[in-house]
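Hello,

Below is the structure we spoke about. My notes follow it.

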Amino acid sequence: MQVFDAGAATVIGAEGAIIPVEDLLAANDIPFDINDYIAGVRYFYADADGKMIGMPFNSSTPVLYYNEDALAKAGVTAPKTWEEFAETTAPALKEAGYIPLSQSHLPWIFTENFHSRHDLPFATNDNGYDGGDTQILVNNDAIKSHFTALKDWKDQGLFEWYGTGWGDNVKPFEEGKVAMWLGSSGSFGGLLQTADFPFSATMLPYWEGVNPDPKQTFIGGAALFAMSGKSDEENKATAEFFRYLTTPEVQYGWHKDTGYVPITEAAYGVAKEDGHYDKFPAAEVGIQQLSLPAGDHTKGYRMGFYVQIRDVMNREYGRILTGETDVDTAFANIEAESNKLLERFAKTQN
Amino acid sequence: MKRAGFTNPWLPILLLVPQLSIIAVFFYWPAAWAIQSSFYLQDPFGFGSTYVGAENYTDIAESTEYRKVAWFTVYFTAIVTFLSLSIALLLAVKADNVLRGAKTYRTLLMWVYAIAPPVAGFLGIMFFDQSHGPLTRFFGFFGWDFKLGVDYFDTATAMIIVAVWKQIPVNFIFFLSGLQSIPRAVREAALIDNGSGFRRFWDVTFPLLAPTAFFLLIINITYAMFDTFGIIDTMMKGEPGANPMTLVYKVYIDGFRGNDLGGSSAQSVILMVLVLVLTIFQFRLIERRIHYT
């Protein structure tokens, strides 16, 4: 069964529903070493003790794509920090007739990975990994100033928001109206087909004022979970299938065609040897970002009913950006409603 | 008058069994299940559930967001019902007067009826597309920067337009057949009494259409509240975000997207009660005052 990142807590929390990947492989004599997996992927779908529960498969992480023609025309390079974006990059791109920036997933890029990139705690109980009565820590000054800045940029024409849908925000980038777009490293293969201008990618910008030493991001995408209650033969087949999926060749094939990150060091090596990154340097950004140093709060997060929490975030962020509400009210709402949902989820876990 | 009857008392029951079993399987059983699960909190895989009493209901009562969605549903239902009924009535009255090419005209008006709600929603997305939609451009011509999926009011407007457009043909068909069943003698008598077409319509035609109109009113309220689901779902493109939504859509979002079965069951029980009230209102209060002749 394939479950996406935000659903991970729900699946992992459902005791008895799944067999941990590590146990499944061990029972079928398939060698497994968590260190074969690239750093950022290792623990996102693992339990508090670091045992891998779900097999990461189509892994991705947010990166910044940019239209090379647009940046050349404006005489700037891709921004490393948000300070650089606000002071230099965005005004120059606006001057050159572009909408400087759009993005496709506010909860994923500007909330979850915002916390990871700046090494800020996202939830109590070690981002929820320890379980129990987890509380979200989203109502903090760093992210509130980020959204205040975002709204200002939108008002000044330095950023545009085209709704909650993923595609609506990437379309203006593909059409060449928007100069830079924050999306998934997994969007790379698609963009190669749709964009008729030279583009490249760089790592997710950070606020130097918040953390001058940025960390790795979380993986997004989805993982595969083996359901329990199957016969030994079926389990063996599942284990073999996982082995097949993690072979360097298969991983490299997926990586090359889609842009999803190779999940093992071996597959990453094959991609390097093959000269894939000489042809497409942008394809390597995602995995480089996932291989950055880890911080205290970068291994992932684990919160139940998280799909609804994301919906609450999307709703409040939409209201911030259309001026229906202010940043303080929005984050107070997100905090209160999320904690209410987490409290409800905790009750289902008895 | 002689009443026709069955000699064997079991035969009518036997004949009713297929219908009753369908109702039991697709309505009573799920309804009972929803009522039961609304008092529990379930884990998403159904391995266990915790009895929480009326907590799911008190959570809903305390939620300001639920209240917002409920108010939107009220406005949405009222506007969609009013517009789709009045536009259809106008079209039916005009179509009733058409003599030449009447069939073509009517067929064209009924055509939309064959379109499935999600397809209607999809057409809505194309018409209101942020950069290329013809209706977006049309509004832009008047200085209205229409933004589907971004602006709450604009998105609501687009949903209402599509929902009304989709419902007009049904109302049109009923109104037209209602108009055509008004006896010729009555109309001719009215024509002698009063020369004004406008007065004739309100004094004679409209009261005679009342049974049809009332039936359609109930049908349209349920349509706007429930059957617009497909339109709303398509027009949101899978992301509720800050967009307007109706109560029945929220049941789906919380239950199927969010895996909160208890909370969403409680919401659907509330909707069931609402439909029950609507039905009682229909049978008890109004049907007595309207004479079907």
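Two strands count as paired if DSSP finds at least two bridges between them; strands (E, at least two residues) and helices (H or I, at least four) are DSSP runs, numbered from the N terminus. This is a predicted model, in which local features need pLDDT of at least 70, side-chain atom pairs count only at pLDDT 80 or more, and totals for chains, interfaces and linings use all residues. Residues are numbered from 1 along each chain as its sequence is written, chains are lettered from A and ligands numbered from 1 in the order in which they are written, and side-chain values use heavy atoms, with hydrogens and water left out.

The sheet: in chain A, four strands make an open, mixed sheet in the order S5-S6-S4-S7. Its edges are S5 (99-103) and S7 (199-203) of chain A, each pairing on one side only. S5(A) runs parallel to S6 (178-184) of chain A, with four bridges; Gln103(A) has Leu182(A) in S6(A) as its bridge partner.

A pocket here is an open set of points on a 1 Å grid over the protein atoms alone, where a 1.4 Å probe fits, with protein on both sides within 12 Å along at least five of seven lines; lining residues have an atom within 4 Å of a point. Of its 37 lining residues, the closest to the centre are Arg315(A), Glu337(A), Ser63(B), Glu65(B) and Lys250(B). Helices supplying at least two lining residues each include H15 (306-321) of chain A and H3 (64-97) of chain B.

Regards
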